[in-house]
Every structure is written in C-alpha cells, then in structure tokens.
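Okay, thanks for having me, everyone.

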Amino acid sequence: MWISFMILITIIVITTIISILFWIFSDRYYRVSNTIITSIFGFFIALVWFLLIFALSSVSVPTGYASLEKSWGGRYTGKVFTETGRHFWAIAPSYNTKRVDIRNNKEAVPVNVMKDKTYNVSASVEVVYDLQPNKLVDLLSNYSDYKNTVIGAIVKNVITSNNILANSQSLTPKDEKEIENELAKYGVKVTNIYMNSYKLTNSSNYALNANVNSNNN
C-alpha cells in the first residue's frame, strides 16, 4: 500500500518540477498558459492513479460470502473478510481476492456398494453445510477440490466402513454424527444430512459378464 502512495507522490513531485522548469525556461507570454496546462495534466494523471489504487485496494463481500486475500503469486495470505459490505483500502493493489460462498451449500455425494452377491446399491447422500471462516484458508490451500476430496471422501468412507447401505435406506443418528464430526475438523459445519435416493440393481448380470470376460482372456 505504501508503495502505491509513494508512486502517487512521485508523480505529483515530477509534475511540479516540470511545471517549474516550464516557468523558468519559457517566455513570459507562455509561462502562465504552460503552467496551467502542465498542472492540469499532472492533476489528471494523479487523479487517475488515485482512482485505480482505490478500486484495486477495495474488497466487496456480499451476504453469505467471505473474501480471501491472495498475493501476487496466488497464495492465500491468511486474511479473510467476512463482514458484509465494501471494504476500502483493505488490500494492496497488486493483490486480489477469492470470493467463497460459506452458507447453505449443498453437495450430493454418490455412493455405490454391494449389498450382497445379488444386488448393488446406488445411493445419493445430500449434505447441507456452512464453511467456517477461521478454517477457510487451510481448507482451500490444502484441498482446492474439497467437495470431492473432503466432503465426498468422508461421507463415502463412513458409509462403506459402517456398511450402512446393506441394511438400511437411511442414515442413523450415529452415522450422521460421525460424518459431522469428521467434516468439522476441516471447517465444514454440517447443518443437515440425509439420504436423497436409494436404488437396488441386480448384480447377477455384472457377475456373469465378468465371468465371460475372464474365460475369454
């Protein structure tokens, strides 16, 4: 930020020096007009630079979002804006921000398991969640595709390890709590979770095809 102000001051000083030089070396007739023109030109450049810095250093945060500051190289600096509204002179002009929806997000996680030797189970688990601002930087820095690598992976792991779909078409409170606790470690606060769909598919055809392919090989 201070670099930008120094550049602005430098432009004003240079413009002033040029104006003085015009005054000294110009004829008397042109001194006044040259000084006025130079001053107007310098003021215009300074104003444009000021407005540019003002725009680039401002951050807008809509309701339900957070903005994360990113450095010139694209790394998160750790600064997170959560207060709704526009923040002026908030970041360096060379930096930018990433806007993230942190409230009432939904993610449908597909889960496919074997119920037994006859049937496959295809289900979809709907996860409604908020993102915790204090853990956003770590989450996005380490898991840019967190919807799959964190939410999807944890839901699938809990369901398959507990063999839930083999005996029930819904999640038990214990299963829901386990998913909530695991996701909370990453700053994902679950507000609702439920089985969105549940479908049984006869797997005998798949097994038959697998045997045929095996014999052909």
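So, let's begin with contacts. If you take the contacts between residues at least 6 apart in sequence, 66% of them join residues at least 24 apart. Keep in mind, please, that this is a predicted model.

Now the overall layout. What does the secondary structure come to? We've got 6 helices and 8 strands. Going along the sequence, the pattern reads α-α-β-β-β-β-β-β-β-α-α-α-β-α. The protein has 217 residues, and 32% of them count as buried. As for the surface, the accessible area is about 13,900 Å², with 56% of that belonging to carbon and sulfur atoms.

Let's zoom in on helix 5. That's residues 173-184, so 12 residues, and at 1.5 Å a residue you'd expect a span of 16 Å.

Which residues of helix 5 are buried? They're Asp 175, Ile 179 and Leu 183. Those three cover an arc of only 65 degrees around the axis, so they sit on the same side of helix 5. Here's the general idea behind that: an α-helix has 3.6 residues a turn, so residues three or four places apart point the same way. Over on the face turned away from the buried side of helix 5, you'll find Pro 173 and Lys 174, which are exposed.

Glu 182 counts as partly exposed because its relative accessibility is 29%. Lys 185, on the other hand, has 55%, so that one counts as exposed.

Last stop: the loop between helix 4, residues 146-161, and helix 5. Gln 169 lies in that loop. Is Gln 169 buried or exposed? With a relative accessibility of 55%, above the 50% cut-off, Gln 169 counts as exposed. What is Gln 169 in contact with, if we leave aside its neighbours within four places in sequence? Met 195 and Tyr 198. And the C-alpha atoms of Gln 169 and Asn 196 are separated by 9.7 Å, with the two residues 27 apart along the chain.

Technical notes. Residues are numbered from 1 along each chain as its sequence is written. This is a predicted model: local features need pLDDT of at least 70, side-chain atom pairs count only at pLDDT 80 or more; totals for chains, interfaces and linings use all residues. Side-chain values use heavy atoms; hydrogens and water are left out. Helices (H or I, at least four residues) and strands (E, at least two) are DSSP runs, numbered from the N terminus. The expected span of a helix is 1.5 Å times one less than its number of residues. Buried means under 20% relative accessible area, exposed over 50%, partly exposed in between (1.4 Å probe, protein chains only). The arc is that of the directions from the helix axis to the C-beta atoms. Contact means heavy atoms within 4.5 Å. Accessible areas come from the Shrake-Rupley method with a 1.4 Å probe; for residues, only the protein chains shown count as cover.
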